[in-house]
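Please walk me through this structure in the viewer, one selection at a time. Tell me what to select next and what is there.

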Amino acid sequence: MQQIFEGLYVVSRMGTNVYLLESAPDELTVIDTGMPSSTGAILKAAQSLNYRPQQIKHILLTHADIDHVGSLSSLVKKTGATVYAGKASKPYVENGSTPPHVPSFMKIMNVFLSGTPVDEVFDDHDMLPIADGLLALHVPGHTPENYNFFWEKHGVLFAADLFFSLGSSVTLSPRLVSWDSTQVQRSARKVLDLAPKYICAGHGAPVNLVRTPEKIVKVRRILDGATSLAAT
């Protein structure tokens, strides 16, 4: 587990990030649940922060890919947490199926998914009453039902797979794993207009844009039309 700042932590397992927010006194919120078998790592991280499983009260889902919902069923059983998902993600989460974007991958991964009931459904620009307000933003592109969350209080963008942070700079979701690359660009413009201070992607190290603004330069050039998306 890594602390991003006091009250926000990331658990990375099998190349995928799960975020823990201290959203209220004696309460944790989890954003995404990682690959199957990640529950133990999530609960261990919570315990290191002196939280019991039952103090994980909310689980927010960015989209229904297996590396983001793979441990959802198990984590809900251990914690009793309320599950939140976008209205377009709800059927995939509850049916244990993967949203369209990589057909061959989808058929294989669906074998390992378990359907889990969604308790709360959000839509674009809904403000979730968690951690003094988390803004849900529909950002289709990587998948058609992809969502980001913006924690305005701290300027944190939970960017799911709209952005990747696997190298020296932030990149957009690559064509190879994207449902619609044109939509990726539109969505990226939408969230960057909020001027986030942090980008917390689903894969790769969280980025502090105040300290390292150069890490987003390549993306901004693509969005301004100076560089081809095929280069990402």
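The tour below goes through a predicted model, from the sheet to its helices, then to single residues, ring pairs and salt bridges.

**The sheet**

Start by selecting strands β1 to β7. They form an open sheet of seven strands in the order β1-β2-β3-β4-β5-β6-β7, and the pairing is mixed. Strands of a sheet pair through backbone hydrogen bonds, either parallel or antiparallel. Next, go to the two edges. β1 (2-5) and β7 each have a single partner strand, so one side of each has no neighbour in the sheet. From one strand to the next, the twist averages 25 degrees.

To see a bridge, select Gln-3 and its partner Tyr-9, which belongs to β2.

**Helices on the sheet**

**Thr-33**

Is Thr-33 buried or exposed? Its relative accessibility is 0%, so Thr-33 counts as buried. Which backbone atoms does the side chain of Thr-33 reach? One is the nitrogen of Ser-71, at 3.3 Å. Another is the nitrogen of Leu-72, at 3.1 Å.

Now show the surroundings of Thr-33. Leaving aside neighbours within four places in sequence, its contacts include Val-18, Ile-42, Ile-59 and Leu-61. Also among the contacts of Thr-33 are His-68, Val-69, Gly-70 and Leu-75.

**Ile-130**

Move to Ile-130, in the loop between β8 and β9. Ile-130 is buried, with a relative accessible area of 2%. Apart from neighbours within four places in sequence, Ile-130 is in contact with Ser-23, Thr-29, His-58, Leu-60 and Tyr-84. For a distance across the chain, pick the C-alpha atoms of Ile-130 and Leu-20: they are separated by 12 Å, while the residues are 110 apart along the chain.

**Aromatic rings**

Show the aromatic side chains next. How many aromatic pairs are there? The count comes to six. Select Phe-122 and Phe-149. Their ring centres are 5.4 Å apart and their planes stand at 75 degrees, so this pair is edge-to-face. Phe-122 is in strand β7 (residues 120-122) and Phe-149 in strand β10 (residues 147-151), so the pair ties together parts 27 residues apart in sequence. Phe-122 is buried, at 2% relative accessible area, and Phe-149 counts as buried at 0%.

Then select Phe-5, Tyr-19, Trp-151, Phe-158 and Tyr-198, which ring pairs link into a cluster.

**Salt bridges**

Finish with the charged side chains. A search of the whole structure finds four salt bridges, and three of them are visited here.

- Select Glu-94 and Lys-90. Their side chains meet in a salt bridge at 3.0 Å, N to O. Both lie in helix α4 (residues 90-95), four residues apart, which is about one turn of the helix. Glu-94 is partly exposed, at 30% relative accessible area, and Lys-90 counts as partly exposed at 27%.
- Select Asp-124 and Lys-190. The closest N and O atoms of this salt bridge are 3.0 Å apart. Asp-124 is in the loop between β7 and β8 (127-128) and Lys-190 in helix α6 (residues 181-192), so the pair ties together parts 66 residues apart in sequence. Asp-124 is partly exposed, at 28%, as is Lys-190, at 27%.
- Select Lys-153 and Asp-132. In this salt bridge the closest N and O atoms are 2.7 Å apart. Lys-153 is in the loop between β10 and β11 (156-160) and Asp-132 in the loop between β8 and β9 (134-138), so the pair ties together parts 21 residues apart in sequence. Both Lys-153 and Asp-132 are exposed.

Key: Residues numbered from 1 in each chain as written. Predicted model: local features only at pLDDT ≥ 70, side-chain atom pairs only at ≥ 80, totals over all residues. Heavy atoms only, no water. Buried < 20%, exposed > 50% of the residue type's maximum accessible area, 1.4 Å probe, protein only. Polar contact = N/O pair within 3.5 Å; in protein donor to acceptor, adjacent residues only side chain to side chain. Contact = heavy atoms within 4.5 Å. Phe/Tyr/Trp six-rings, centres within 6.5 Å; stacked < 30°, edge-to-face > 60°. Pairing = 2+ DSSP bridges. Axes fitted to C-alpha atoms, helices over the stretch in contact; angles between N-to-C directions.
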